[in-house]
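Where do the rings sit, and how do they meet?

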Amino acid sequence: MIQQLMNTPLVRLVASESTWVEGDAVAQLKKTAEREGMVSAVGMPDIHPGKGSPVGGVFLSKALFYPHIIGNDAGCGMGFFKTTLKTRKMKKEKWAAALAEWGGMPEDEKVQYLMDAGVETGPHDAALGTIGGGNHFAELQMVENVMDDEAFEHLGCDMKTLFLLVHSGSRSLGESLYRDHTGTRGADPLHDGTEDADLFLSRYDHAIRWAAVNRRLIAKQFMDVTGGHCEPILDLNHNSISVQDVDGEPHWLHRKGAAPSDAGPVIIPGSRGTFTYLVLPTGPQAQNLWSLAHGAGRKWNRGSCKGKLKEKWTANDLRRTDLGGIVICDDRDLIYEEAPQAFKKIDTVINAMADCGLIRVIATFRPVITLKAG
């Protein structure tokens, strides 16, 4: 059900009885919703505490917007690609070994790739084509189950093909945008039509386009190593600010770790040890502010993960998943911080949205190789 938490402004939470939501995340959701100009807010079932505002929160405002809400990775999102690699010819061990040794593309080739995409070059382009830290990844996946054959085939998908999911964003470019704003204005908003607002939106638009190219370049490099090619199926931002028409009037929609549900199908990963879900938004989406969960959501904060897990699992143990996947990650702290045990169960997140009539599942995908930073 969609629980109403506050009336003015209107604050809702998408959850079911089995959805675990941390109290601090709900408190952040309410506090952010009480800021100047806010009209409504929605927490997704993957909501968890963030820096000031919760990850998995969506906020609607009027006449002003808040850059700090979306944080330091504007344009972070999920790129979903169909590859030419076939399940029956899968060379998991060989590909994983090659990916672990991959040194990356030369910088001049990256810049040329950016220019060919029509995106302005700049001082942060050395980070182009890199995944980044945290929960970012590139993951080769195979189809596990198809629930909606028609929607699956409409996207050009088939059971015999391997797919690639890339989660990354604008890297140091987004960090620079965030620091430049918060360094002078902190958590204050920008008002419609002002010079500062227009300047921010111009730089934000560049970061959004840069992030999309970044995901495509990560996918290309992954395919170069494995000997395949790929084509994009979906590319969806989940850290974004956009204009949303509400009753004929423009509003600002802030998504902080929330996928758009007004642009067709949505890909929602669990963790490296659980399935990814391809879903189709259903029914009116205004009640959930045209947004869905973007993943499983953290259950444990990063600082506590290693202490909880290291007595039972070594770093090498965590490089193989219960679903048979291989995890490539040289950062010993990160491999604990991003362990499947540190996240909520993805099926409870999916079921909460399905029970509310917000989605239906098209298909699920099994992780084969997960490439992390480090």
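Phenylalanine 80 and phenylalanine 365 are both buried, meaning under 20% relative accessible area, where exposed is over 50% and partly exposed lies in between (1.4 Å probe, protein chains only). This is a predicted model, in which local features need pLDDT of at least 70, side-chain atom pairs count only at pLDDT 80 or more, and totals for chains, interfaces and linings use all residues. Residues are numbered from 1 along each chain as its sequence is written, and side-chain values use heavy atoms, with hydrogens and water left out.

Rings of Phe, Tyr and Trp (its six-membered ring) pair if their centres lie within 6.5 Å; planes under 30 degrees apart count as stacked, over 60 as edge-to-face and the rest as tilted. That rule gives six aromatic pairs. One of them joins phenylalanine 80 to phenylalanine 365, edge-to-face, at 5.3 Å centre to centre and 75° between the planes. Phenylalanine 80 is in strand β6 (residues 77-86) and phenylalanine 365 in strand β18 (residues 359-371), so this pair ties together parts 285 residues apart in sequence. Strands are DSSP runs of E, at least two residues, and helices are runs of H or I, at least four, numbered from the N terminus.

Now take phenylalanine 200 and tyrosine 204. Their ring centres are 6.2 Å apart and their planes at 20°, so the pair is stacked. Both residues lie in helix α7 (residues 195-226), four residues apart, about one turn of the helix. Phenylalanine 200 is buried at 7% relative accessible area, and tyrosine 204 is buried at 8%. Phe65, Phe200, Tyr204 and Trp252 form one aromatic cluster.
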